Structure formats: structure tokens, C-alpha cells
Amino acid sequence: MSWPTWLPLREALRPLSPYGAPQVPAIAALNTNENPYAPSPALQKAITDAVAKVAADLNRYPDRDATILREKLAQYINEQSATKFSLDNIWAANGSNEIIQSIFLAFGQGPVLGFTPSYSMHPLIAKVTQVQWLNGSRREDFSLDIDSAISQIQRDKPTLTFITTPNNPTGSAVTIDEIEKIARLTSGLLIVDEAYAEFSEETSAVTLIKKYPHVVVIRTMSKAFAFAGVRLGYLVADPAVIDAMFLVRLPYHLSALTQ
């Protein structure tokens, strides 16, 4: 884009174009991996009834800490992975993208490493938040060489390391044993993006958090739950990570309707 000379746009942003996937009428939007099936009529009615109750209080700010929502998300994770998390282990935001941005804002004081090709918003949000992004390498078939990944982490000493499993766009998964090996041999926060976890038979990395408190897991309601329009992402982490999220959150960032 060509920017006017009077606009004090940061130099790092000038060569960029806005992120966006084309939104065209289609039953299956493969470029955004949307679920093509609408909520069932029963669920639509339940949502409508819940919104009607919330609407009576829209003159008030929402629960700033999303307490009930975070408790319910913790309950879901515990049921799926036999864990014992509470709301103190959960942070929720407007889609997993805001989760990623909050992580960068709170912890992006050093280089950040991710193994590309992977989710394209990781390096883009890094640039927007003025964090140094390092492109890690994969095998020629795009699978992740764990020993090579560990060597790259130990060489570059990133503050944050991103692992996406199942990986977008390649679809390959990283096993729980491989993730634990990385967690055991590296420092800094290990961010495991599990946006597509419900489509995988692999054990979730949330099961590693108690032993490795530097493991942080990102999840979303947009994919398996066919709830992309509501914009709800969340992370599961040690309470110290959640406390840091409070430092960078915007006031009342999750609307009462979303909650």
C-alpha cells in the first residue's frame, strides 16, 4: 500500500497488507477452515434464550474477569484430558488471535521462534507487536524434526517458542512425547497452539502443564465447535501466566454476549 507522507505509521508496518482470507459465498470455506454446518435448531434456540436474558443488562459492563466462562472452559478441559484445572489456569479472549497478541505483549521481550510453514498470524502478530520473529525450519515433507527443533531453540534462546499441532496448513501432528522432550530440554515459554486439537487423537499438551509450568496451550471455539462467529479463544497455563494476561488485557474485552 502507498501511505501518505503525513501519516506517522511505524516503518515496520509500511510494507504490510492487512491480514485476511477471502470471504466468498461457499458451502465449505476451506481457506478459513470453517465448519460448514450451522448450529442445530435446538442450540440456536438455547443461544437466543440466553442472549435475551443478557440483553436486559447490556447497560452494564460485562464480568471483567469472565469468571463463569473460565470455570466452564476449565471443566471442559478437565473432562477431556483428566486434568484438575480451575479458572486460575484459564484465560479467554476474542479468538485465539487476541490470545496470541496478549502473549506477545506480555512476554515478547526477546526473539520468538516458530517452525514454518505454520499459522501465518504468529509472525504477523509478532511484527505488529514489535517482537523479533525467527523462522525455524521443518523437514522437506513439512513434518517437525524434534531434535533439530531443540537444537534451534537452544541456539537462538527464544523467549517464546511456538509449536502448532495439528499444524495449519500441513495437518501434521506432534506427539505428546515429542512435545515433552522439547519442554524438558528448552527454556522460555513453549506455546502449543492446539486450535485443531479436537480433530487429533494425540494427547493434549495441557497434560504437561503441571510438570512443566512453562508450557502454555492455546485453544479455540472456532473450529470443532463451529462457533467462529462468536470469537472466543482461550489458553490453558500455569496461574502465573494467567496473572500476566491481566496486565495486558483491555478493560472488559469479552462482551457479555460472548460470555
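Two rings of Phe, Tyr or Trp (for Trp, its six-membered ring) make an aromatic pair if their centres lie within 6.5 Å. With that in hand, let's look around this structure, which is a predicted model.

A search of the whole structure turns up six aromatic pairs. One that is edge-to-face joins Tyr 76 and Phe 225, with 5.4 Å from centre to centre and 75 degrees between the planes. This pair links distant parts of the chain, as its two members are 149 residues apart. Tyr 76 belongs to helix H2 (residues 67–81), while Phe 225 sits in the loop between strand S6 (215–220) and strand S7 (233–236). Elsewhere in the aromatic picture, Phe 104, Trp 133 and Phe 162 form one cluster.

Now for a loop residue. Ser 143 lies between strand S3 (133–136) and helix H5 (146–156). Its side chain makes a polar contact with the side chain of Asp 141, at 2.6 Å. If you set aside neighbours within four places in sequence, Ser 143 is in contact with Arg 138 and Ser 172.

On the surface, you can find a nonpolar patch formed by Val 51, Leu 58 and Leu 257, which together have about 240 Å² of accessible area. Of these, Val 51 is found in helix H1 (residues 41–55).

How do some of these residues compare in exposure? Here are four of them:

| Residue | Relative accessibility | Class |
|---|---|---|
| Tyr 76 | 16% | buried |
| Ser 143 | 17% | buried |
| Phe 225 | 33% | partly exposed |
| Val 51 | 34% | partly exposed |

Tyr 76 counts as buried because its 16% is under the 20% cut-off.

Methods. Residues numbered from 1 in each chain as written. Predicted model: local features only at pLDDT ≥ 70, side-chain atom pairs only at ≥ 80, totals over all residues. Heavy atoms only, no water. Helix = DSSP H or I, 4+ residues; strand = E, 2+ residues; numbered from the N terminus. Buried < 20%, exposed > 50% of the residue type's maximum accessible area, 1.4 Å probe, protein only. Polar contact = N/O pair within 3.5 Å; in protein donor to acceptor, adjacent residues only side chain to side chain. Contact = heavy atoms within 4.5 Å. Patch = residues over 30% accessible without salt bridge, like charges linked within 9 Å, V, L, I, M, F, W, Y side chains within 5 Å. Areas by Shrake-Rupley, 256 points an atom, 1.4 Å probe, with all protein chains shown as cover. Salt bridge = Lys/Arg side-chain N within 4 Å of Asp/Glu carboxyl O. Phe/Tyr/Trp six-rings, centres within 6.5 Å; stacked < 30°, edge-to-face > 60°.
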